[in-house]
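Let's walk through this structure together, from the overall fold down to individual side chains. Keep the viewer open as you read.

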Amino acid sequence: MLLLKIKFTQQRRVHLAQGLWLLSWTAVIWGAIIFCLGVYLKMELLRRDEVMDNTEIHVVPNILIIVGLASIGTNWVAGCVCQDSLDATRFPRWKVLLLGWFAVAAVLCCLLISVVALSFALQGRLEESLKVGLRNGIRFYKDTDVPGRCYQKETIDRLQMEFRCCGNNNFKDWFEVQWVSSRYLNFTSKDVKDRIRSNVDGRYLLDGVPFSCCNPSSPRPCLRYTLTDNNAHFNYEYQSEELNLYSRGCRQALTDYYMELMNSTGPGVLSVILIQMSVILGMRYLQTSVEGIMALEDPEGESDGFLLEKGVKETMEDLKVKALIMLQFWLDDPIATEGSSEDADLEKAEKEASPTPAS
């Protein structure tokens, strides 16, 4: 029973091989694009590594990079097979390797589908990682003289200016931490002493924010201190005033940025999946039709191209047997095989040299 059988004349086989060759090189280009997208996403994640608590989200660019490289290799091989399929003397060398090629191509499609699923499934993990990482980054903002944290202030300031955000959830997060280093505090000042004494943990807390929270598009000069005191500024009301600070938190800003990056890879990934599946189906038809004319020994005759020679269950069993045969072939020791054949030849020669007993 041949499933989805199609009759192929010589002309149709040539057209199929030519179309598949073009499609294979299109898949190579898309594989390169997927690889570049994976590298770019990886670099962007590494740039913000200091404000992330874990690296679970890195699995998405890692898969994109691996799949991109594998797609380039497998589809390059497919292009070579298409060229050799027009020559009956060169095609047989691919017969054994095609089984492995189909397996790798199928795995690639599964990995690409998993990338799309992971892009949505890991959004919650990304937000939690940013939440913890940004909270630690804000807490260590003042530690400019502590080894390992001396660049934390620059990182947070650049982050807030680049993404036009402030704090973890919003600007009020800065009210809960001491973000001014003790080396810059005048402990003889009454205001400094009062603020430290009023805090249970002895921290110098302010209702203010760093300069990087200021929104340059605001017409009013930046207000960074005593933000909750209506009397500290002219014509100012804390509850109703549209502050000249960035209102969006950096966690939301970064989550939106990374999710937009990962979602932008969706069309490219889906395109590669469709192209790769088309190459797989076309390659199967090309393989079976060319093997058919080789069996008939009539290069210009008609042959049948099909996807499955038997039912699905029987085909899976045949593939299992072929895979075991290939595995056994690679596991066999060629030196041992050569040695055993030489022993057999030597034993045979000794028997021939020995005199035949008289009857």
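A residue counts as buried when its relative accessible area is under 20%, as exposed when that value is over 50%, and as partly exposed in between. Keep in mind, too, that this is a predicted model.

With that cut-off in hand, start with Gln-276, which lies in helix H7, spanning residues 250-296. Its relative accessibility is 1%, so Gln-276 counts as buried. What does the side chain of Gln-276 make a polar contact with? The partner is the side chain of Asn-75, at 2.9 Å. Leaving aside residues up to four places away in sequence, Gln-276 also touches Ser-71, Thr-74, Trp-101, Ala-105, Leu-108 and Cys-109, along with Asn-75 itself.

Now step back to the whole chain. The protein has 9 helices and 2 strands, arranged from the N terminus as β-α-α-α-α-α-α-α-β-α-α. Of its 359 residues, 38% count as buried. Among contacts with a separation of 6 or more, 73% join residues 24 or more positions apart. The protein exposes about 21,100 Å², with carbon and sulfur atoms supplying 59% of that area.

On the surface, look for a nonpolar patch formed by Trp-21, Leu-22, Trp-25 and Trp-76, which together have about 430 Å² of accessible area. Helix H1 (residues 10-47) contributes the largest share of the patch, 3 residues. Trp-21 is found in helix H1, and its relative accessible area of 36% makes this residue partly exposed.

Charged pairs come next. Side chains of opposite charge can pair when their charged atoms come close. The whole structure holds 14 salt bridges. One of them joins Arg-47 and Glu-44, at 3.1 Å from N to O; both residues lie in helix H1, 3 residues apart, or about one turn of the helix. A network of salt bridges links Glu-44, Arg-47, Arg-48 and Glu-162.

Finally, Asp-256 forms a salt bridge with Arg-248, the closest N and O atoms being 3.6 Å apart. Asp-256 is partly exposed at 34%, and Arg-248 is partly exposed at 36%.

Key
Residues numbered from 1 in each chain as written. Predicted model: local features only at pLDDT ≥ 70, side-chain atom pairs only at ≥ 80, totals over all residues. Heavy atoms only, no water. Helix = DSSP H or I, 4+ residues; strand = E, 2+ residues; numbered from the N terminus. Buried < 20%, exposed > 50% of the residue type's maximum accessible area, 1.4 Å probe, protein only. Polar contact = N/O pair within 3.5 Å; in protein donor to acceptor, adjacent residues only side chain to side chain. Contact = heavy atoms within 4.5 Å. Patch = residues over 30% accessible without salt bridge, like charges linked within 9 Å, V, L, I, M, F, W, Y side chains within 5 Å. Areas by Shrake-Rupley, 256 points an atom, 1.4 Å probe, with all protein chains shown as cover. Salt bridge = Lys/Arg side-chain N within 4 Å of Asp/Glu carboxyl O.
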